[in-house]
Amino acid sequence: MNWSAVFQFIGTDAPTQGLIWAIVALGVYLSFKILNVADMSVDSLFPFAGIVSLTLINVGVPALLSLLIATLLGMVVGFINAALHVYLKINPLLASIIVMIALYTPNVIISKGNVTLAENMNTIFMTFDNIWNNMIATKIVVLALFVLGTFILIYWFFGTEIGLSVRASGKNETMAKANGINTNKTYILGLVISDGLIALAGSLYGQMSKHFSADAGRGSIVIGLAIIFLGEVIFANKSFKMSLISLAVGGLIYWLIIDIIIEIPSFNTNYLNLTKALFMTVIIGIYELKKKLAKKKNHQEMPKDNPEEVTA
Amino acid sequence: MKKTFGKLLLVAACAVPMSLVSCSEPLTQIGILQVITHNALGLDRTGFIEELKDEGYEDGKNIKIITDIPEGDTSTENSMATQLATSCDLVFGIATSSALALKTAVSDANKSIPVLYSAVTDPVSAKLIKSNTDHGNVVGTSDAGPTEKNIALFKKFTGIEKIGMIYNQAESNSQVQKEECKAACQDLGLTYVDGGITSASEIASTVAGMIGQGIKGLFIPTDNTVASAMSSLKETLIEKKIVTVCADKASTDNGGSLGYSVDYSLLGKTTGKMAAKLLKGEDISTLVCSKSDSFPLEVNEDFFTATGIALPSDIEAE
């Protein structure tokens, strides 16, 4: 079966959007769920990486290298973000907002408002497109490889001793400190990885859409959070592995639902944001309700709960 | 796990028939993508649709028009562009980002349907087209305003030596006009004061700051962010007697003083005429990308009566 033809016929880009936003969701998952901090810098970092990547390609840097540079810069941003909290004791939410505001300036200066891929330059997708000459299929395959690679890497890393200590510090900082973990270091490491992932997704997105404007990232973190909750609602399983899988599937389903909403004949797109908000309320509502019910059930089964436990 | 797969199947089952419904239309489909709900861009769209109607193509009769407005959200914009590109026979992007999204979506879907654009200030530097005649499957109209002509208006008032320009830094259209404004100021011997903002909430304080620097005139380019917040400046501008030249009619009416403005409705009509030609079977390479060429002078009488500034006689004559 020719899947690319099917997607083309349906006219949806949910597979490609879903794959990229799965990486964003993974980054947000690491900060929001594992480190317990809302990282607002995502909204500026996502376009920053896309703009940097496209600008580098336009001056002649190979697509893959530009992807790598953008990701490394994202990691530097993550370090600054974490350092503001660790060394200057700024509240993590405020620190990430400071970074978000600061990044706006390089975004505007580099892009002059809007950056577009030059005519004769190749993105990472075009490089692979020469193989079978179907852009939509190429995008899906290349992005799937990136998603698979990053997810396996993250799964492996958070199973190592240092990865486990990052997860432990997010779950219970006092307990982690008591066990000899330097929680400052684990916090920095966690945010560096998280922001590196966001930057990777941003530069992939830039190369996919071939243009990026400086204020394009607005609401990125909200989409990331929506995918996390959607994944948790669909997959009841609580293990780390299942959480990761639920992010990948959640990304696809989120964009399928958005596409369906847009495609409803006679749907007035002025109502889109309200519809999205309602959609998110429903997902998060179900999530919270399920959590409450599960707690109740747990409470009946075992009266002593064990908050220090870190599930591997 | 069984339950999970059940839910997944449900989503997939909903997705396919929905999409099939909108794909099986026998009429010629025209997709319009407009980046954000906005007065000027709306005029552009209605002008386009009206002109098509005048040319004999009416929505629901012999064509079907699908309008998508992503409200400034880039990811949604790309999703909408993909849908329109795959299901339509002609697509129309209003403003730079929508036009670019459609161009990418059409080429990625391996199609060569015409992509029309409008309200793009500089289509060449945005890499939408190579030149007005070498444009591939993309054609349309630019909303570049007569910046130089507008800046020259300041010279007609006595005592204006320093002027400011307020614009959103993230809009490429405004960045283009900033350079034009700077150059015009230099030619005319005016001092330029930069007023770049990052969001609508900064407009009032930035204008106050520029007035503090002694500007006597203010230039408002075709900038979506500033246009949407123009009326909030009205009182300050009258109180401080700042002559404000605007490049679009709505801004002039909402608190500006005067200006040669871009007629977005006319721009939409010109683009609509191009679309009608393409629907009649004309080859896209014979069309030439155009700029708006008539810029009517708009004057906000209220400003001049409120401030007591006299309207120069040659402007009054126009």
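Which residues does D195(A) touch, not counting residues up to four places away in sequence?

1. **Ground rules.** This is a predicted model, where local features need pLDDT of at least 70, side-chain atom pairs count only at pLDDT 80 or more, and totals for chains, interfaces and linings use all residues. Residues are numbered from 1 along each chain as its sequence is written, while chains are lettered from A and ligands numbered from 1 in the order in which they are written.

2. **The contacts of D195(A).** D195(A) touches G27(A), S41(A), L45(A), G74(A), M75(A), V77(A), G78(A) and N81(A), leaving out residues up to four places away in sequence. Contact has a set cut-off: the C-beta atoms of the two residues, placed from the backbone, lie within 7 Å. Take G78(A) as one case. It sits 117 residues from D195(A) in sequence, yet their C-alpha atoms are 5.1 Å apart in space.

3. **Burial of D195(A).** Why does D195(A) count as buried? Because 31 other C-beta atoms lie within 10 Å. The scale runs as follows: buried means 20 or more other C-beta atoms within 10 Å of a residue's own, exposed means 12 or fewer, and partly exposed is in between, with C-beta atoms placed from the backbone.

4. **Helix α10(A).** D195(A) belongs to helix α10 of chain A, residues 183–209. Helices here are DSSP runs of H or I with at least four residues, strands are runs of E with at least two, and both are numbered from the N terminus. α10(A) has 27 residues and reaches 39 Å from first C-alpha to last, close to the 39 Å expected at 1.5 Å a residue. That expected span is 1.5 Å times one less than the number of residues. Of its 27 residues, 24 are buried, so α10(A) is mostly covered. Just after α10(A) comes K210(A), with a positive phi of about 65°.

5. **Helix α12(A).** Residues 240–263 of chain A form α12. Its 24 residues should span 34 Å at 1.5 Å a residue, and its end C-alpha atoms are 35 Å apart, which agrees. α12(A) is also mostly covered, with 17 of its 24 residues buried.

6. **Chain A as a whole.** Chain A has 13 helices and 2 strands. Its C-alpha atoms fill a box of roughly 65 × 45 × 40 Å along the principal axes. Of its 312 residues, 52% count as buried. Among contacts between residues at least 6 apart in sequence, 78% join residues at least 24 apart.

7. **Where the chains meet.** How many residues of chain B are in contact with chain A? The count is 44, facing 41 residues of chain A. α1(B) gives the most to this side of chain B, with 11 residues. The side divides into 14 nonpolar, 23 polar and 7 charged residues. Here Ala, Val, Leu, Ile, Met, Phe, Trp, Tyr, Cys and Pro count as nonpolar, Asp, Glu, Lys and Arg as charged, and the others, Gly among them, as polar.

8. **Domains of chain B.** Chain B is assigned domain 1 (26–143 + 264–287) and domain 2 (147–261 + 296–317). These bounds come from an automatic or database domain assignment. The C-alpha centres of the two domains lie 30 Å apart. Their contact takes 10 residues from domain 1 of chain B and 10 residues from domain 2 of chain B.
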